[in-house]
Amino acid sequence: MTIKEVLQQIKVSSARSVVEKALADAKEVADYNALLSLTEERALARADEVDKGKITGRLAGVPYVIKDNFLAFGGPSTAASHMLEFFDTPLQATSVEKLEAEGAICIGKANLDAFAHGGSTENSAFGPTKNAYDKSCVAGGSSGGSAVITALGVVPFALGSDTGGSIRQPASYNGVVGVKPTYGTVSRYGVVAMASSTDTIGPITSNVEDAELLMSIMSGLDKRDMTTLPDFFEILPDAMPSQKIGLVKDFMSEHVDSEVRARVNEYIEKLKAAGHTIEEVSLPMAEYALAMYYIIVPAELSSNLARYDGIRYGHQAEGAKTLAELYGRTRGQGFEAENKRRIMIGSYVLSSGFFDAYYLQAQKARTLLIHEFNKLFEQYDCLIGPVAPSTAFKLGENVADPIKMYLEDIMTVPASLAGLPSISVPAGKSSAGMPVGVQIIGPMKSDASLLALARSMESK
Amino acid sequence: MTAITREDALHLAQLSALELSEDEIEKLRIDIGNILGYVQQLGQLDTSGVEPTYQVTGLENVWREDEIIDYGISREQLLARAPQSTENQIKVPKVL
């Protein structure tokens, strides 16, 4: 389902009937556990306003879904955690405000790994989301609910956040388009902070054109997020011809499922047929990116999650006699196991005596990784490879082994650490019928050109 | 793998302000040891003379005027979200 199709439906019927249909469809697919709540009352009220001509814009009446780590009206903003289970936000995320200003209508909040910590949506405090193609498989994560609800065709698009692959990997697992923009492209104001140096906001859509429209709406400076960049995103009418593209061979080793590699190679053949040049390139630091990521990100999130103290908002434990008891008990009850694991690793790598060996070394290694990317971009317009080493795995398969779960991120974290734009686009299915995604990574601010390239390949 | 003792795990839990059950401490102790063991491979890299990267888009300090911006959110609205409040203030248990 595309935005264009939905706008056409609204034109021939009404925003109310389209939103009612989306809400009914969402209830129909409740067994996927893709949504944590429906924002029915507010959605229908807004649909009526659209029909009365009081709300207008490029997305007037178009229903969509928001990952529940965005603050948005109409229902609790939970981050899929007990900590924020009943949190009623007094403000909305900038990205949500921008979409609403164009008339988009949020119909529900999507499931995620609690606080976006995870790659399968199995860390949600409210149960895992099931894959749109096989209910015995994971949705991917952490934006699993957003990807599944889009893949099921309930809404044309959903919002996600991507710190190390959380938009791209579930998009890949569910056969939809996912965009992780250049760091700082879309404001993060009003989104639950995870790792501030890699957190990004982006759309999950059923085609590239919709992703481009949404990026053009959401991009730009926001005084409330000091890291935002001046708006550079401009939709390109055509892809640049004869691009030089590097196939990252470090992402195509025998550790990557042979069917995933086969689909990527087929995509590459299509790129060649379209006149682009593909050469194998090497990114040796990619091997170390996951280790950097699992030092830097826990360090940052352990600081960011210090705010959940049970005092000002959110869950508060009962019966604590002292402040220290209140903190400890509230956080012990409000966080999931993976949250605790990451917070404690963050505390470890930041503590005196270990800081230089872990955190500082990781930030230096990050510089080396960025240098390697920069060198490649002197010769290549963009880089290509798989999104994840496999198609969606079985629910429960990796739960007992955190490192095995982390390895799912191995090909998405390099772009995150370097702040580079990276998109995930569908590249066919495995013999078992599971979607495979291809990842295209570009230099800083090349978001629009990556999307134009992907759009030019969509019909091929 | 890096050996994390029960005492190490308890210390990390304290630093992290997390009250954990015995069962949780034992599981986290093992997981954290394994994860630290994995990330230690960075020690192999020669990073002498390399500057760390903390921010990827080259932003430095972003200044703004020290002025009050009205976010349209009232004190009452914020207080209403605190689990306990009294006399227009947030209530906390005793500190010491």
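Reader: Where is Lys445(A) placed?

Author: In the loop between strand 11 and helix 15 (447-458) of chain A. This is a predicted model, by the way.

Reader: Which phi value does Lys445(A) have?

Author: Near 65°. That is positive, in a residue other than glycine. Most residues other than glycine have a negative phi.

Reader: Is Lys445(A) buried, partly exposed or exposed?

Author: Partly exposed, at a relative accessible area of 46%.

Reader: What about the phi of Ala80(A)?

Author: Also a positive value, near 55°. Ala80(A) sits in the loop between strand 2 (63-67) and helix 4 (94-101) of chain A. Ala80(A) is buried, with a relative accessible area of 0%.

Reader: Which residues does the cis peptide bond join?

Author: Gly141(A) and Ser142(A), with omega about 10°. Ser142(A) belongs to the loop between strand 3 (105-110) and helix 5 (144-151) of chain A. Most peptide bonds are trans.

Reader: Switching to domains. What does the assignment give for chain A?

Author: Domain 1 (3-218) and domain 2 (244-289 + 358-458). Their C-alpha centres lie 24 Å apart. Domain 1 of chain A puts 41 residues into the contact, and domain 2 of chain A puts in 44 residues.

Reader: How many residues are in the largest nonpolar core, and which touch the most other members?

Author: It holds 82 residues. Phe115(A), Met292(A), Phe373(A), Leu383(A) and Leu42(B) touch the most other members.

Reader: Which elements supply at least two residues of this core?

Author: From chain A, helix 9 (286-304), helix 11, helix 12 (356-379), helix 13 (402-406), helix 14 (413-418) and strand 11 (435-441). From chain B, helix 1 and helix 2 (22-39). Helix 9 of chain A gives the most, with 13 residues.

Reader: Why does this core lie between domain 1 and domain 2 of chain A?

Author: Because both domains give residues to this core.

Reader: What is Leu383(A) in contact with, leaving aside neighbours within four places in sequence?

Author: Among its contacts are Ile245(A), Val248(A) and Val281(A). Phe373(A), Leu376(A) and Phe377(A) are on the list too, and so are Gln439(A), Ile440(A) and Ile441(A).

Reader: And the second core?

Author: That one is separate and has 77 residues, including Ala104(A), Cys106(A), Val154(A) and Met457(A).

Reader: On to helix packing. At what angle do helix 9 and helix 11 of chain A cross?

Author: Roughly 105°, with the axes coming within 7 Å. That makes helix 9 of chain A roughly perpendicular to helix 11 of chain A.

Reader: Which residues meet there, in helix 9 and helix 11 of chain A?

Author: Helix 9 of chain A brings, among them, Tyr294(A), Ile295(A), Pro298(A) and Leu301(A). On the side of helix 11 of chain A they include Arg342(A), Ile343(A), Ile345(A) and Val349(A). The contact of helix 9 with helix 11 divides into nine nonpolar, four polar and one charged.

Reader: How do helix 11 of chain A and helix 1 of chain B pack?

Author: Helix 11 (residues 337-350) of chain A meets helix 1 (residues 6-15) of chain B at about 100°, and the axes are 9 Å apart. So helix 11 of chain A is roughly perpendicular to helix 1 of chain B. Met344(A), Ser347(A) and Tyr348(A) make the contact with Ala9(B), Leu12(B), Ala13(B) and Leu15(B). By class, the contact has six nonpolar, one polar and no charged residues.

Reader: Which residues does Pro402(A) touch, not counting those up to four places away in sequence?

Author: Arg341(A), Asp31(B) and Ile35(B). Pro402(A) is in helix 13 of chain A, and at 8% relative accessibility it counts as buried. Its C-alpha is separated by 8.5 Å from that of Glu338(A), which is 64 residues away along the chain.

Reader: Last one. Is Leu326(A) buried or exposed?

Author: Buried, at a relative accessible area of 3%. Leu326(A) is in helix 10 (residues 323-334) of chain A. Not counting residues up to four places away in sequence, Leu326(A) touches residues including Asp309(A), Ile311(A), Ala320(A) and Pro93(B).

Methods:
Residues are numbered from 1 along each chain as its sequence is written. Chains are lettered from A and ligands numbered from 1 in the order in which they are written. This is a predicted model: local features need pLDDT of at least 70, side-chain atom pairs count only at pLDDT 80 or more; totals for chains, interfaces and linings use all residues. Side-chain values use heavy atoms; hydrogens and water are left out. Axes are lines fitted to C-alpha atoms, for helices over the stretch in contact, and angles run from 0 to 180 degrees between N-to-C directions. Helices (H or I, at least four residues) and strands (E, at least two) are DSSP runs, numbered from the N terminus. Angles under 35 degrees count as roughly parallel, over 145 as roughly antiparallel, 65 to 115 as roughly perpendicular and the rest as oblique. Contact means heavy atoms within 4.5 Å. Ala, Val, Leu, Ile, Met, Phe, Trp, Tyr, Cys and Pro count as nonpolar, Asp, Glu, Lys and Arg as charged, and the others, Gly among them, as polar. A nonpolar core is a set of buried Ala, Val, Leu, Ile, Met, Phe, Trp, Tyr and Cys residues joined through side-chain atoms within 4.5 Å. Buried means under 20% relative accessible area, exposed over 50%, partly exposed in between (1.4 Å probe, protein chains only). Domain bounds come from an automatic or database domain assignment.
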